[in-house]
Amino acid sequence: MPDATHGSPALPVVVIGAGPVGLAAAAHLLARGMTPLVLEAGAAAAASVRHWGHVRMFSPWRFNVDGVARAMLERHGWAAPDPDGYPTGAELVARYLQPLAALPEIGLRLGARVVGVSRRGHDLMRDDGRALAPFIVQVARDGDITEIAAQAVLDCSGTWGRPNPAGAHGLAVPGEAAAPVAYGIPDVLGRDRAHYAGRSVLVVGSGHSAMNAVLELAARPERGELLWAFRRPVSAATFGGGAADGLAERGALGARAQALAAGGAVRMLAPFAIGSMATLPDGRVRVTAGDGQAVTVERVIVAAGFRPDLSFLSELRLGLDPAVQSTPALAPLIDPNIHSCGTVRPHGEAELRHPEPNFWIAGMKSYGRAPTFLMTTGHEQVRSIAAALAGDWAAAREVRLELPETGVCSGAPAAAASAGSCCAPTPALVVTKCCGG
């Protein structure tokens, strides 16, 4: 086990990112008697969530409010929302995250972008005394670079700022940078309405973000041609588990998208692996697949997932799976090459541990490039990490994570069983299940 008590206890624990998981981490650290310092690059807490504030979540409030954070808020007179209600991103911020961030004990610094993390006097190569040296966190703020010493670092910065490009090979295709492309889920019925009103739009992606984008585009009062591109053939699992999904709203989202496609309101392109884009003189963009298929549209939305930014961690000793970019212990539980379930075995600090003592990546970023992360997973991750930092190894190990199953599991049984995925027989000590097992 790593030494979770090295360094001066007077030093803070730096938490990178003031999103749902970063703020929950601060609450758990406070509950354990430690001092958190939350560094947020944005001008307000939950800056990334604010970008998708128009989107209604498919998980209810009871999955989105951390228990320790809730207790802290209630001591300040906070009233919890209906646990069975489904918030939008904006409601999540206004009713929970902003009140939590506003508590003075949280220790929030806004406009503080972390640009580097290392050990005092130790670059990546140096061994001697490494575990005893405090972390040095470099922060860019108001045009200056400052350094903060920390006893531990939790990277909860998420992946929102690093969307995957249109290319199926993981790279932006030729012409993509100059084309009228948006990433994620633009607010096509609100803030961005004028940009999409009456326009022909191509949506790229097969996950829930793409489904949200397609459904909102189909609801535009000023309709235009709507196309939906999939890199692979559409299968029975494409739209999720429907009524078998443990999260009713997630299943309903897929069912609505499937009905829209079946009704002909959207032109389906599958398979359509984009090879290039060319912006025409009239502003439209010609999108060509690798096999020569081509369509011409006025707007493109790429909703193909996200990837972690590891650039500012280059002086730390990370343990990363070469494909998933999560820790090697977590990778087989979430690798979509092995299974497609939206739930994983319970995991905590041990599975998230890197070779660098007292450094962890938690939240969406801990999943690397894998999809289907749920907020409640991050809450349990930081609870376990805070327990480990406090030296309470029994609590750190006793992970209890019950995630709703998706009703879909497409992994090969042999591969799934060998990796211990949720599609395999449930191990004796596991408290969650998936795939109807």
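Modeller: Accessible areas here come from the Shrake-Rupley method with a 1.4 Å probe, and for residues only the protein chains shown count as cover. On that basis the protein exposes about 18000 Å², with carbon and sulfur atoms supplying 53% of it. Keep in mind that this is a predicted model, where local features need pLDDT of at least 70 and side-chain atom pairs count only at pLDDT 80 or more, while totals for chains, interfaces and linings use all residues. Residues are numbered from 1 along each chain as its sequence is written, and side-chain values use heavy atoms, with hydrogens and water left out.

On to the inside. The largest nonpolar core takes in 75 residues. Such a core is a set of buried Ala, Val, Leu, Ile, Met, Phe, Trp, Tyr and Cys residues joined through side-chain atoms within 4.5 Å. Tyr96, Leu100, Leu154, Val203, Trp228 and Leu389 have the most contacts inside that core. As a rule, nonpolar side chains in soluble globular proteins tend to be buried together.

Skipping neighbours within four places in sequence, Val203 is in contact (heavy atoms within 4.5 Å) with Ala210, Ala213, Val214, Leu217, Leu226, Leu227, Trp228, Ala229 and Ile301. Strand E9 (residues 201–204) and E10 run parallel and are joined by four bridges. Strands (E, at least two residues) and helices (H or I, at least four) are DSSP runs numbered from the N terminus, and two strands pair if DSSP finds at least two bridges between them. Along strand E10 (residues 226–229), Leu226 and Trp228 point one way and Leu227 and Ala229 the other, and all are buried.

Asn212 belongs to helix H7 (residues 208–218), and Asn212 counts as buried because its relative accessibility is 14%. Residues up to four places away aside, Asn212 touches Val55, Ile185 and Leu253. Ser59 lies in the loop between helix H2 (47–51) and helix H3 (61–64) and counts as buried because its relative accessibility is 7%. With neighbours within four places set aside, its contacts are Asn64, Tyr86, Pro87 and Leu247.

Val173 also sits in a loop, between strand E7 (152–155) and strand E8 (181–183), and is buried with a relative accessible area of 3%. Beyond four places in sequence, Val173 is in contact with Gly167, Ile274, Gly275, Ser276 and Met277. Ser276 is 103 residues away along the chain, yet the C-alpha atoms of Val173 and Ser276 are separated by 5.1 Å.

Three strands form an open antiparallel sheet in the order E12-E13-E14. Its edge strands, E12 (274–279) and E14 (294–297), each pair on one side only. Neighbouring strands there are turned by 20° against each other on average, direction ignored; the axes are lines fitted to C-alpha atoms (for helices, over the stretch in contact), with angles from 0 to 180 degrees between N-to-C directions. E12 and E13 (residues 285–289) pair over five antiparallel bridges, and Arg286 in E13 is the bridge partner of Ala278.

Another open three-strand antiparallel sheet has the order E4-E5-E6. Strands E4 (113–119) and E6 (144–150) have a single partner strand each, so one side of each is left without a neighbour in the sheet. The twist averages 25° from one strand to the next. Seven bridges join E5 (residues 135–141) to E6, antiparallel, and Val137 stands opposite Ile148 in E6.

Zooming out, the protein has 13 helices and 16 strands. Among contacts between residues at least 6 apart in sequence, 71% join residues at least 24 apart.

A word on confidence: pLDDT, the predictor's confidence in each residue from 0 to 100, averages 89, and 88% of the residues score at least 70. Over residues 1–7 the pLDDT is below 50, and this stretch has 20 contacts beyond near neighbours in sequence. For residues 411–437 pLDDT stays under 50 too, with 52 contacts beyond four places in sequence.

Note on methods: Buried < 20%, exposed > 50% of the residue type's maximum accessible area, 1.4 Å probe, protein only.
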